[in-house]
Amino acid sequence: MSNLAWDDALWALAALSVDPKGLKGIWLRAPLGPVMQTWLHWLHALKPDTVKIPANIDTERLLGGLDLATTLQLGRPTMLQGILAHASGQLLICPMAERLPSATASILTQVLDTGRVNSLVGHSTESTRFGVVAIDESLPQESALANGLAEQLAMWLDLTPVNPKDEASDETLEMLERVEKKLHNHPQAYQECIAHIALEDSQLRDICELAMGFAIASLRAPWYTARLASVFATLRGANTISADDLGRAARLVLTPRARALPASSQTDVLADDSSTPPPTSPEPPLPDEHDNAQAHSDPAEECDDGPHDEDSHADREASQNPTPPSGLTELNEPSEPSEPSEPTLSEVQALETTILESALATLPQGLLNQLAQGQSLATKGNGGRVGQVQKSAQKGRPLAPTKGLPHNGQRLHVLATLRHAAPRQKIRQATPAAGSASTPPRTEGGKRVQIRSEDFHIQRFAKRSESCIIFCIDASGSAALERLAEAKGAVELLLKDSYARRDHICVISFRDKSAQLQLPATRSLVRAKRELQAMPGGGGTPLASALKLALETSLKARQRGMTPTLVMLSDGRANVTLQGEGSRPIAKAQCLSWAQQWRASFINAIWLDTSARPDPQGQDIAQAMGAHYVPLPLAGSQRMASTVQAIQELQS
Amino acid sequence: MAIPFPFSAIVGQHDMKTAIQIVAVDASVNGILALGDRGTGKSTAVRALADLLPPIKVVKHCPYGCDPKDPTVSCEQCAKLKATHSNVPSESVSVPVVDLPLGASEDRVVGALDLEKALSLGIKSFSPGLLAKANRGFLYIDEVNLLEDHLVDLLIDVAASGENLVEREGLSVRHPARFVLVGSGNPEEGELRPQLLDRFGLCVEVRTPKDLDERILVIKRRDAFEKNPRQFQQDWMAANEALRDKILKARKRLDKVVLDDDFLRLCSQLCLTLGTDGLRAELTLMRATRAYAALEGDKKVEAKHLRVIAPMALCHRLRRDPLDDTGSAARVERALEELAI
């Protein structure tokens with residue numbers, strides 16, 4: 001059976017092979033598997049000259065610089081051309097792009113943006129324009145590709161919903177074969193055609209309106225949509241852009257970046273709450289597993305909505321509001337299944353609706369609802385990797401020098417290098433280095449000290465990692481209302497303190513059916529305060545769900561190189577299960593099992609029991625977690641705050 | 001060489017463009033901080049500067065781009081050269097606009113021991129970094145709020161002193177590094193320390209255009225540019241030249257613009273009302289309004305200039321209770337109204 005998403009993936013691939021310079025690349029979210037393999041196989045068929053860059057590539061190799069080993073061997077400077085300058089006009093493939101260190105990601109971003117690369121040594125500048133295939137294998141709860149880099153890439157595509165059994169439509173396969181042949185014969189043929197396709201004003205207006213409706217701030221997105229639509233038209237061999245081209249381009253560029261649904265369209269799109277596909281989708285319903293997989297990842301995606309999301313606070317406020325904001329009111333009206341071509345609509349509007357509908361065609365209902373509630377679709381991340389705690393090569397407390405080549409901004413420890421080379425001089429003067437073309441030139445003063453690459457020592461520094469305090473606040477009915485106010489007060493006091501120390505703050509609250517990430521790790525105090533004020537109270541105590549979310553959040557913080565500490569404010573009377581059902585014994589069992597998982601993670605935790613009469617339940621769970629348990633009946637905000645500070649100091 | 005997007009073809013972004021012109025006229029205004037979403041044209045505006053501003057004369061082969069005419073500021077080599085030669089060989093280059101990547105190491109920024117020469121020739125010499133390259137031009141840092149603190153401190157220090165002092169690895173080098181610091185970022189992604197905010201002369205907020213037609217125009221121009229950059233550059237040549245003339249004329253006129261005591265009193269009153277720390281706010285207000293008046297072709301600085309400049313010169317300097325979130329723009333507006341400016 002065929003699948004619209006898979007078709008899109010193949011069209012995206014063809015577009016990228018034809019126009020890597022204009023589109024700059026694709027952010028491909030997909031686990032390694034048969035689907036990914038097939039996709040890469042096709043890419044290789046269309047564009048055989050791809051360059052693969054590993055996540056641990058060093059700056060010298062990327063930008064070009066001095067080749068130390070050869071320089072030493074030959075006794076004269078030897079330069080290395082950087083991959084980025086070399087790859088002009090080609091495609092760079094980055095597997096595990098979410099693990100790119102931030103330095104590498106920002107270099108890629110800058111070169112993509114400016115189209116220029118400066119060599120590390122000397123002042124040479126080269127023009128280079130290439131496309132990037134960023135393969136992001138991150139799980140929903142992990143941090144994804146760096147935001148800045150993702151912004152540069154035109155297409156964002158999620159391959160997770162595609163089933164290996166899905167087949168491409170005949171039209172797509174035919175197109176791929178045609179493109180393969182043509183690219184093989186005239187690699188530049190398409191470039192010229194693309195420049196000659198003009199977008200009609202009405203089409204441009206539709207794209208801009210759609211982008212505005214989706215609340216996309218960046219103006220790159222609508223431009224990329226226009227460019228991609230022109231590329232699709234060329235791929236079809238046509239001279240004008242059709243509505244299909246526009247729809248497909250919008251699906252690949254605009255929809256994944258969407259932050260909201262256009263107000264006018266909500267009745268149309270959300271007419272039916274079942275999982276039937278939107279009316280205009282020409283394809284049969286998407287496979288069910290796909291829907292489930294997406295629905296499963298929803299909450300995680302929400303929590304993945306990292307601190308770097310510009311509008312997310314507004315979004316979250318909107319989602320907390322019991323009544324939807326004005327733009328979304330149509331949602332609640334009894335919706336009638338209106339046809340796309342309503343007679344009252346003008347022609348332009350009709351076209352716009354068609355594009356919108358086709359833009360949303362591959363989106364499952366779960367995600368549509370998420371959009372309608374004002375949550376952004378894109379999982380945003382900060383692309384970090386484990387080990388950043390010690391990564392700082394340039395600052396911090398100095399450690400003993402270690403053997404190694406000074407790459408990636410690490411500094412050569414001159415003294416240690418000389419010390420290593422000194423005792424070996426006699427032997428080296430007698431036997432010239434193997435493979436050297438000539439004996440090294442001698443300086444006028446006499447013999448030169450012979451240094452070989454094995455002598456190099458580098459300077460190392462130890463850096464204290466940033467801390468991230470995760471507040472997990474019980475906002476249930478059992479934690480009575482004034483206790484909640486005190487807890488908020490304590491958090492604010494701690495926030496003020498952490499602001500001075502530049503810690504990151506993260507707030508999770510739990511009540512009713514499940515726990516929610518109120519505030520992803522941030523340093524923005526203004527935002528933290530706003531989120532706290534808007535926090536509602538009342539309902540059951542889904543403690544297990546809170547522990548699960550807290551653990552996920554902590555692990556993510558650790559992945560980004562921070563040291564997380566959990567501060568749990570609760571009475572420990574769990575009565576809602578992970579599934580959102582009321583059952584004390586099951587809820588307690590689940591709590592204990594997550595508490596044990598917590599213990600296995602070795603992350604510091606502090607449990608402040610806020611109940612008026614401290615209860616053994618909270619103590620049990622705290623013990624299972626390995627947390628500091630502090631009963632604080634009748635404690636004010638100030639005392640809570642000072643307790644947490646005291647324990648933190650004790651632990652560090 | 002990639003052709004930059006012409007400055008005059010940038011749609012909207014009035015504040016940002018004004019601020020850039022002001023620092024182009026008077027570099028002592030000390031930098032711009034542009035805050036806003038990604039993809040709204042901040043980088044485009046900054047990178048367009050090299051093409052907009054007139055080329056400068058530099059001493060030939062000088063890694064720091066020293067001015068052959070200026071006897072006061074130059075690196076050690078150029079100082080010697082200038083002392084012995086009356087006519088220093090020079091060449092014309094475009095104003096440097098240096099992009100500082102987020103992950104840049106300290107070595108790359110300040111410069112370091114030249115390993116190449118140290119290893120192959122056994123000579124101790126200095127390999128200049130990005131600061132040397134940015135001398136007499138602009139240093140642009142995208143996402144300045146995500147830059148590591150120690151680098152930011154270093155940059156601010158150099159920007160303020162106009163000189164880069166390197167004391168490490170047995171090197172002792174001092175070279176001029178006078179540049180205009182331009183930072184951009186999104187405050188929601190991480191805040192800047194108040195000390196740092198204060199160092200930027202002007203702070204502008206760059207928003208995505210809310211008007212559909214304006215957005216369409218942006219996309220249209222971008223499309224035309226991508227399809228044929230050379231033609232697009234030609235089309236905007238006249239507009240760019242007019243703007244360049246305006247800046248050059250303003251530079252000449254700058255010293256003649258009158259700043260009277262009444263106006264300075266007004267500036268001080270405004271700063272007092274808002275309770276800004278230190279005198280940097282007044283100094284910036286004075287310089288920026290003067291440059292703005294010169295750009296407008298006015299002979300005297302007046303309250304109307306202050307009205308335009310005050311928000312961008314003061315918003316980021318207001319002392320802020322981290323837990324109070326009244327907009328600072330609103331506070332400046334209120335103060336302006338109170339003083340009937």
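How many of the nine residues of strand β14 (residues 514-522) of chain A are buried? Keep that strand in mind; the tour returns to it.

**Before you start**

This is a predicted model: local features need pLDDT of at least 70, side-chain atom pairs count only at pLDDT 80 or more, and totals for chains, interfaces and linings use all residues. Residues are numbered from 1 along each chain as its sequence is written, while chains are lettered from A and ligands numbered from 1 in the order in which they are written. The predictor assigns the complex an ipTM of 0.79 and a pTM of 0.69.

**Stop 1: colour by confidence**

Colour both chains by pLDDT, the predictor's confidence in each residue, from 0 to 100. Chain B has a mean of 83, with 92% of its residues at 70 or more. Within chain B, look for helix α6 (residues 115-120), where confidence is lowest at a mean of 67. Then find helix α11 (residues 229-253) of chain B, where confidence is highest at 91. Helices (H or I, at least four residues) and strands (E, at least two) are DSSP runs, numbered from the N terminus.

Chain A has a mean pLDDT of 72, and 70% of its residues reach 70 or more. Select residues 266-348 of chain A: the pLDDT there is below 50, and the stretch has 142 contacts in the model beyond near neighbours in sequence. A contact means C-beta atoms, placed from the backbone, within 7 Å. Residues 435-439 of chain A also stay under 50, with five contacts beyond four places in sequence.

**Stop 2: the sheet of chain B**

Show chain B as a cartoon. Its secondary structure comes to 15 helices and eleven strands. Select β4, β7, β10, β1 and β11 of chain B: in that order, these five strands form an open sheet with parallel pairing. β4 (97-100) and β11 (202-206) of chain B stand at the edges, each with a single partner strand, so one side of each has no neighbour in the sheet. On average, neighbouring strands of this sheet are turned by 20° against each other, direction ignored.

Zoom in on β1 (residues 32-36) of chain B. β1(B) pairs with β11(B) in the parallel sense over five bridges; pairing requires at least two DSSP bridges between the strands. Select B:L33, whose bridge partner in β11(B) is B:C203.

Helix α1(B) lies across β1, β10 (180-185) and β11 of chain B, at about 155° to β11(B). Axes are lines fitted to C-alpha atoms, for helices over the stretch in contact, and angles run from 0 to 180 degrees between N-to-C directions.

**Stop 3**

Of the 341 residues in chain B, 47% are buried. A residue is buried if 20 or more other C-beta atoms lie within 10 Å of its own, exposed if 12 or fewer, and partly exposed in between, with C-beta atoms placed from the backbone.

Select helix α13 (residues 280-296) of chain B. Here 13 of the 17 residues are buried, so α13(B) is largely enclosed by the rest of the structure. Step past its end to B:G297, which has a positive phi near 85°.

Next, select helix α10 (residues 212-227) of chain B. Which residues of α10(B) are buried? They are B:R215, B:V218, B:I219, B:R222 and B:F225. They cover an arc of only 125° around the axis, which puts them on the same side of α10(B); the arc is that of the directions from the helix axis to the C-beta atoms. Bring chain A back into view: these buried residues pack against α11 (201-213) and α12 (220-236) of chain A together with α11 of chain B.

**Stop 4: chain A**

Chain A comes to 26 helices and 17 strands. Buried residues make up 49% of its 652 residues.

Return to β14(A). Eight of its nine residues are buried, so the strand is largely enclosed by the rest of the structure. A:V507 stands opposite A:L519 in β14(A). Two residues lie between the strands of this hairpin, where A:D512 takes a positive phi near 60°.

Finish at A:S611, in the loop between β16 (604-609) and α25 (616-625) of chain A. A:S611 counts as buried, because it has 20 C-beta neighbours inside 10 Å.

Conventions
Contact = placed C-beta atoms within 7 Å.
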